[in-house]
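Please look at the sequence and the model shown below, and keep both in view while reading the report that follows.

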Amino acid sequence: MSGSSATTPGREATSAPGLLRLRGIRRSYGEKLVLDGVDLDVDAHEVVALVGASGSGKSTLLRTINLLETIDDGVILLDGEDVSDPRVNADRVRARIGVVFQHYNLFPHLSVLDNVTLAARLVHRMPRATAEAKALELLDSVGLAEFAKAFPDRLSGGQQQRVAIVRAIATGPELLLLDEVTSALDPELVGEVLALVRSLAERGTTIVMATHEMAFAREVADRVVFLDAGRIIEDAPAREFFAAPREARTREFLARFLRA
Amino acid sequence: MVAESTKAGASRGPTDLGASGASNEPAWRPSDLELSRRTFRRKQTRRSVLISAVSTIVFAALLLWAVAGSPGWAKVRESFFDPEVALASLPRILEGLWLNIQVLMVAAIGVVIVALLLASMRTLRGPVYFPLRALAAGYTDLFRGMPLIIVLYLVGYGIPGLDFFPRVPVAVWGTIALILTYSAYVSEVFRAGIEAVHPSQRLAARSLGLGHGQTMRRVVLPQALRKVTPALMNDFVAMQKDVGLISVLGAMDAVRAAQIETAHYFNFTPYVVAGLLFVLLAWPMIRLTDWLSARMRVREQGGSIV
């Protein structure tokens, strides 16, 4: 009793607005500086798109949020908790965050259903029956229930990526990170994946996504963040970002992208 | 042997083509061009089969003629291929072989467990685990370098000499020596398999919140094992014949039995019998290994014939 009352004020002090707060994130690979002091706030139910050229640090930033990558400096606050503290159990933090990769990274030796339920069963200690019922419901909602018993190599790229998204959200994470989830797909398969992301956004999922799909970012994202050489150049509401970019480098980037 | 492989290779193309065409579209009839190609291929296959059959027969006949025509053949046949001695020594040797099979089974299980532990130790990252990594590396270096027969002598005569464990049968020490040596080899096979699993698989598992151990057990190892199954089975076949070496410790196995029978009859036939029994024992596994690796190769080349 007394313990909880002692910790509660401290929590409240740090967990003001913002589900995710990054302050001064710095990361270098040897000589190369990949993230050069990144500050970013993401509120609950917000959809933030990270845009920028290849090598601008988008993917690295996503991986640092999920603690798949160590940082050289800075603070990562998830719901007010400093998860960049080395004393924090990283596995527990990762379990609260869903990630979808460019190349799906489904487990080829497990069926679609086992892929989706693995974390629920092993990490969240959910009974198999409960986990499977929930997974089937989710798979059904994205039209993939018929593939529950199939193995990933029987599925098209778009179907695999949708399974990967279902796998990431199956345990109800507080935050969903999408790392260029359509970049490895054939053009005709991009739509089905984006449609799923759109419906997640509409249901209020908090999403941070690195993307090259500018039209999609404009449509779905609340905010667009433009990264260049490891720094945030511009951070603006999506409409504003595309209609009236403030920075010269943003305009340059958008011009190149819209021409291509 | 030559004939067999040529035949299998040549017959795959045309028959497969015909089968898949027929099942997909019953209305389809092969064009005249295709029919002429098939006739040509059939003719070629017949020719290769004939050539290899003839060459095999000629070679076998020459070999037989050379051996049987050698000046010492009569003596060799008498002391190595005496059917009466073979029959008389068979029960004892079979009894010994049963010990070999028991040792083999226990050793195989032991090898898998120890090798998995060693391989997992060697893949640990971080400075904290340096002692474990170094221990595993030292172990594999030592036992891959040391001849099995010396390990057998050291374990079989050295450890009982400590008098900690009196009355342990020698076969047990032989089994331990086999486990020590073979787990060093097999751990390297496992390690190769673990490293062949793409790092993105580990990344995906860890990002779901799975710990290092869970990731290893549920994601990495199942995929690694699949990749190295043929190599593992090959090591099993190698171990299958090396169990015969426990006879140097005096264990009453097939080789030791053959040795005693040989001394009894003043005839080497029991060794030939024991050798053939070992081949028979290993043969199903050898075929299975070959079949499995062939199947994996076919899958990976995905329909291409080169």
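## A strand and its partners

In this predicted model, A:Leu176 stands opposite A:Ile207 in strand β8 of chain A, where strands are DSSP runs of E with at least two residues and helices are runs of H or I with at least four, numbered from the N terminus. Four bridges join β7(A) to β8(A), residues 207-210, and these strands run parallel; two strands count as paired if DSSP finds at least two bridges between them. From β7(A) the chain crosses through helix α7(A), residues 187-202, to β8(A) in a right-handed β-α-β crossover, meaning that the path over the helix runs clockwise when the strands point away from the viewer.

Strand β6(A), residues 97-100, is also joined to β7(A) by four bridges, again in parallel, and A:Ile97 stands opposite A:Leu175.

## Burial of the strand

Why is β7(A) largely enclosed by the rest of the structure? Five of its five residues, 175-179, are buried, that is, under 20% relative accessible area with a 1.4 Å probe and protein chains only. A:Leu175, A:Leu177 and A:Asp179 lie on one side, with A:Leu176 and A:Leu178 on the other.

## Contacts of A:Ile207

Apart from neighbours within four places in sequence, A:Ile207 is in contact (heavy atoms within 4.5 Å) with residues including A:Leu176, A:Leu178 and A:Val197.

## Basis of the values

Residues are numbered from 1 along each chain as its sequence is written, while chains are lettered from A and ligands numbered from 1 in the order written. Local features need pLDDT of at least 70, side-chain atom pairs count only at pLDDT 80 or more, and totals for chains, interfaces and linings use all residues, while side-chain values use heavy atoms, leaving out hydrogens and water.

Technical notes: Buried means under 20% relative accessible area, exposed over 50%, partly exposed in between (1.4 Å probe, protein chains only).
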